[in-house]
Amino acid sequence: MNRILFLAALAALPALAQDTRDPRQIILEVQKRQHSDSQRYEGTLEVTSQGNQVATKRWVYQRIGSFGNSKAILRFTAPAEVKGVGLLIVNHPDRASDQWMWRPAIGRDQRIALQDRSTRFFGTDFSFEDLEERDVDQYNYKLLSDEGGMWKIESRPRKSSQYEYSYFWIKKDNYTFVRIEAYNKKGLVRTIDYKNYEQIKGIWTARLTEVYDVTRKSHTTLKYEKLEYNLPMKDDDFTLQALRRDL
Amino acid sequence: MMDAGLMLVVLLAQSFEQRGFIEDRAVVYPQTAPNDSGRVVDELLVREEASYKFTPWLTLNGGFDARTDSHRQTARDWTLDATDRSIQRPAFSVRRLSATIHRGKVTAEIGRQLIRWGKTDILNPTDRFAPKDYLSSVVDTDFLGVSAARVTYESGGDTVDLIWQPLFTPSRTPLLNQRWTALPPQAAGVNIVDAGARYPGGSQYGARWNHIGSGYEYSLCFFDGFQNLPSFDATFSPLTQSVSLTREYPDLRLYGGDAAVPLPWLTVKGEAAYFTSSTPGAEEYALYVIQLERQVKEWSFVGGYAGSVVTREAASPLQFAPDRGFAKSFVGRAGLTIDANRSLAIETAVRVGGSFVRFEYSQLFGQHWRATGGVAWIRGDMTDFLGEYRRNSYGSLAIRYSF
């Protein structure tokens with residue numbers, strides 16, 4: 001199942017004949033409507049710390065494939081000192097993703113170990129795990145409520161994760177995520193709100209994501225710009241060599 | 001309708017990437033050294049890196065450094081150094097000038113470039129195509145580019161790297177009349193003359209196979225070339241009552257490997273290499289590093305041990321060998337990301353005869369400015385690699401503008 005970023009883009013086709021009481025079917029329908037063979041966007045992040053200090057970062061994100069069988073490269077374009085820093089994410093259908101970070105200043109790539117994925121990604125309020133995409137079958141689901149035009153679904157990861165469970169709020173009319181609350185053993189860790197939905201190539205897509213880190217009391221807004229789906233992309237551009245190749 | 005000229009500008013802009021910075025770094029040494037009375041050294045560096053993608057498969061890369069300093073460690077002439085083999089640091093140097101060709105599973109880079117091998121962070125015994133600039137510090141260094149052709153084949157989890165370096169690039173050593181050259185007490189009063197270097201001819205070759213498995217990575221590598229750290233040939237001149245020191249670079253062959261294995265609680269990384277030499281009198285030895293890594297919330301921890309085993313002693317003790325100098329050490333690093341703009345780092349190396357600890361605080365101001373302040377403390381015996389720099393503890397402040 002998509003953790004955070006991918007959930008920003010969701011489809012809104014008329015509800016098909018399905019059991020809307022089965023939470024797995026609901027998530028499956030979300031994935032189906034969100035499906036695209038590739039995606040590219042330019043993201044602007046504003047990280048606001050507890051003391052209201054704001055740091056702005058920008059990245060370019062490209063993905064090939066979809067849900068549990070995809071690869072993505074995310075590369076910073078600003079601020080100037082982190083320009084070129086990249087993250088390669090190789091998602092697997094049956095396990096957590098593989099991730100490598102490339103730092104051009106030292107000319108080395110570094111594998112991000114599974115136990116380190118709860119760390120914040122480059123000073124933002126996203127963790128490394130939040131950037132990966134997981135298939136629907138990597139979670140168990142429970143429908144908690146069905147009211148106010150939204151479903152509230154509990155999701156528990158079957159594989160290793162920093163989160164014990166999460167709550168999803170999904171709009172019934174267009175199968176789009178509205179909010180996620182992610183919990184660990186100690187309680188609420190992160191909230192994610194999806195806003196400013198627009199249809200792009202028939203896919204309902206959030207143009208703004210707000211992540212709030214409960215422990216640090218800081219939040220990050222991610223604005224999606226120049227977002228496009230189903231662009232022609234090559235598998236060779238999503239390898240470790242490709243990560244190292246570009247400036 | 002967009003006119004042709006504007007369209008061309010837009011297309012060019014999409015294919016051109018650049019980054020760079022201007023940094024001024026001041027280092028204050030509370031103590032003078034026997035061969036250096038200076039207490040303050042200021043260095044200015046302008047670095048620009050750019051790439052232009054001509055086609056999806058062809059990219060031209062360039063990197064350029066311009067420097068000056070207050071201590072005359074950097075040359076003060078207006079020539080552009082394309083090989084970086086000079087004893088002094090050049091005022092203008094080409095750090096990278098290469099073409100990258102990418103076709104399917106093959107990537108080739110030809111020209112001046114930076115090549116890094118190895119997985120560990122503390123010390124990289126297998127990193128043989130990465131000479132360093134030790135001129136202004138042996139504990140805080142930068143990498144030099146090399147002129148080489150590199151072909152990489154990547155298929156699934158396997159990568160094969162083949163490198164040919166026709167022109168040797170040495171590591172740049174501290175100048176003999178400055179504090180990071182630690183002369184033995186017996187040299188006091190002796191007129192020492194820097195007689196430059198004798199660079200080896202011939203090419204260097206290397207091959208590396210890296211395999212990425214599910215939850216582990218390892219690689220095996222081979223290198224045949226020259227040691228980029230010098231031995232010194234000393235010649236006494238009775239006429240001038242002076243000793244001339246000439247840098248020499250023995251043959252070197254390396255057999256090595258590295259591995260990284262993430263375990264449930266931490267990541268274990270290891271790297272080892274065995275070095276042989278056909279040069280008479282050159283040392284033969286093995287270097288190995290084992291390190292553990294862990295991230296805990298905003299803290300990152302790296303700790304480990306770097307060891308060495310000598311199988312043939314060097315005939316001459318006159319060597320500059322920081323890779324060996326940091327061996328037989330427990331080394332650790334801790335970093336804290338305070339928030340999106342601020343970070344702390346502590347780094348240490350502890351040996352039987354000497355120790356080093358550095359503390360750094362860094363803060364970003366706005367989108368472009370960063371200030372980094374640090375303190376380094378070095379202690380030990382004069383017979384120890386670290387201890388011989390015990391008068392070189394320092395405080396530093398660097399201001400960087402990135403663009």
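Thr348(B) counts as partly exposed because 17 C-beta neighbours lie inside 10 Å; a residue is buried if 20 or more other C-beta atoms lie within 10 Å of its own, exposed if 12 or fewer, and partly exposed in between, with C-beta atoms placed from the backbone. This is a predicted model, in which local features need pLDDT of at least 70 and side-chain atom pairs count only at pLDDT 80 or more, while totals for chains, interfaces and linings use all residues. Residues are numbered from 1 along each chain as its sequence is written, and chains are lettered from A and ligands numbered from 1 in the order in which they are written.

Let us stay with that threonine for a moment. Thr348(B) sits in strand β21 (residues 342-350) of chain B; helices (H or I, at least four residues) and strands (E, at least two) are DSSP runs, numbered from the N terminus. Leaving aside neighbours within four places in sequence, Thr348(B) is in contact with Val331(B), Gly332(B), Phe356(B) and Val357(B), where contact means that the C-beta atoms, placed from the backbone, lie within 7 Å. Ile378(B) is 30 residues away from Thr348(B) along the chain, and their C-alpha atoms are separated by 9.7 Å.

Now step back to the whole of chain B. It has two helices and 24 strands. Its radius of gyration is 22 Å, close to the 22 Å that the globule rule gives for 403 residues, so chain B is as compact as a globular protein of that length. That radius is taken over C-alpha atoms, and the globule rule is 2.2 Å times the number of residues to the power 0.38. Along the principal axes, the C-alpha atoms of chain B fill a box of roughly 80 × 50 × 40 Å. Buried residues make up 35% of the 403 residues in chain B. Of the contacts in chain B between residues at least 6 apart in sequence, 58% join residues at least 24 apart.

Chain A has two helices and 13 strands. For its 247 residues, a compact globule would have a radius of gyration near 18 Å, and the 17 Å of chain A agrees with this. The C-alpha box is roughly 50 × 45 × 30 Å along the principal axes, and 49% of the 247 residues in chain A are buried.

Where do the chains meet? The contact takes 27 residues from chain A and 32 residues from chain B. On the chain A side, the elements giving two or more residues are β2 (54-66), β6 (108-111) and α2 (240-245), with the largest share, three residues, coming from α2(A).

A few backbone details deserve a look. Most residues other than glycine have a negative phi, and most peptide bonds are trans. A cis peptide bond joins Ala78(A) and Pro79(A), with omega about 0°, and Pro79(A) is in the loop between β3 (69-78) and β4 (86-90) of chain A. Lys201(A), not a glycine, has a positive phi of about 50° and is exposed, with 12 other C-beta atoms within 10 Å. Asp84(B) likewise has a positive phi, of about 55°, but counts as buried with 21 C-beta neighbours inside 10 Å.

Finally, confidence. The model scores ipTM 0.86 and pTM 0.88. The mean pLDDT (the predictor's confidence in each residue, from 0 to 100) of chain B is 92, and 97% of its residues reach 70 or more. Chain A averages 88, with 91% of the residues scoring at least 70. Over residues 5-17 of chain A the pLDDT is below 50, and this stretch has 34 contacts in the model beyond near neighbours in sequence.

Notes
Contact = placed C-beta atoms within 7 Å.
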